[in-house]
Amino acid sequence: MSLSPNIENKINTSFAAQSFMQTIGAEIDEIALGSVSITAPILQEFKQQQGFGHAALTFSLGDTAAGYAALSVMPETCEVLTTEMKINLLAPASGRLLIAKGRVIKPGRRLVIVQADVYALQDDDSTRHIALLTGSMIPVDISGK
């Protein structure tokens, strides 16, 4: 099964409306059925006191990638909201760019189980796995707004 062009457009339109993602310079890198990849530079404004990308930046990208992965398997009349998200920070967010790869583990009518891996692109173009997020999204029917 492939991703519907309407769903891909819905994800792109929704992402473009997220002012926070615009603020941090995030971009959607890839959209597929059950998976979404998002990148963002590690800007000086989003570093913590030791010079690493702030954990909030890592979490936001992972949560957003996982949420759009969930949305990719929903009917066109649905949105999703995060109901729970756990993060394991594996390494400091050093480098120049973060890459969040969200994926659906198990779709459901009431909950969608998701995961996201976040990587930091280093100055030598290698990547470092810096976080693993696991959570659940709840489908919200917007047809009767």
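How accessible is arginine 96: exposed, partly exposed or buried? I looked this up in the predicted model and found a relative accessibility of 37%, so arginine 96 counts as partly exposed.

**Entry 1. Salt bridges**

I then located both partners: arginine 96 sits in the loop between strand 3 (78-89) and strand 4 (97-106), and aspartate 125 in the loop between strand 5 (112-121) and strand 6 (127-141). The pair therefore ties together parts that are 29 residues apart in sequence.

I noted the other salt bridge between arginine 103 and aspartate 117, where the closest N and O atoms are 2.7 Å apart. Here arginine 103 belongs to strand 4 and aspartate 117 to strand 5, so that distant parts of the chain, 14 residues apart, are linked. I checked the accessibility of both: arginine 103 is partly exposed at 27%, whereas aspartate 117 is buried at 11%. As background, I note that side chains of opposite charge can pair when their charged atoms come close.

**Entry 2. Aspartate 125**

I returned to aspartate 125 for its backbone. Its phi is positive, about 70 degrees, although the residue is not a glycine. For context, most residues other than glycine have a negative phi. Aspartate 125 has a relative accessibility of 53% and so counts as exposed, the cut-off being over 50%.

Is strand 2 (residues 35-41) largely enclosed or open? I found five of its seven residues buried, so strand 2 is largely enclosed by the rest of the structure.

I next examined the pairing. Strand 1 (residues 27-32) runs antiparallel to strand 2 and is joined to it by five bridges. Within this pair, I listed valine 36 of strand 2 as the bridge partner of isoleucine 31. The two strands form a hairpin with two residues between them, and glycine 34 in the turn has a positive phi of about 85 degrees.

Strand 2 is also antiparallel to strand 4, with seven bridges between them. I noted threonine 39 opposite isoleucine 99 of strand 4.

**Entry 3. Threonine 64**

Which residues does threonine 64 contact, its neighbours within four places in sequence left aside? I placed threonine 64 in helix 3 (residues 55-71) and found it in contact with Phe15, Gln18, Met21 and Ile38. Its relative accessibility is 9%, so threonine 64 counts as buried.

Terms used. Residues numbered from 1 in each chain as written. Predicted model: local features only at pLDDT ≥ 70, side-chain atom pairs only at ≥ 80, totals over all residues. Heavy atoms only, no water. Helix = DSSP H or I, 4+ residues; strand = E, 2+ residues; numbered from the N terminus. Buried < 20%, exposed > 50% of the residue type's maximum accessible area, 1.4 Å probe, protein only. Salt bridge = Lys/Arg side-chain N within 4 Å of Asp/Glu carboxyl O. Contact = heavy atoms within 4.5 Å. Pairing = 2+ DSSP bridges.
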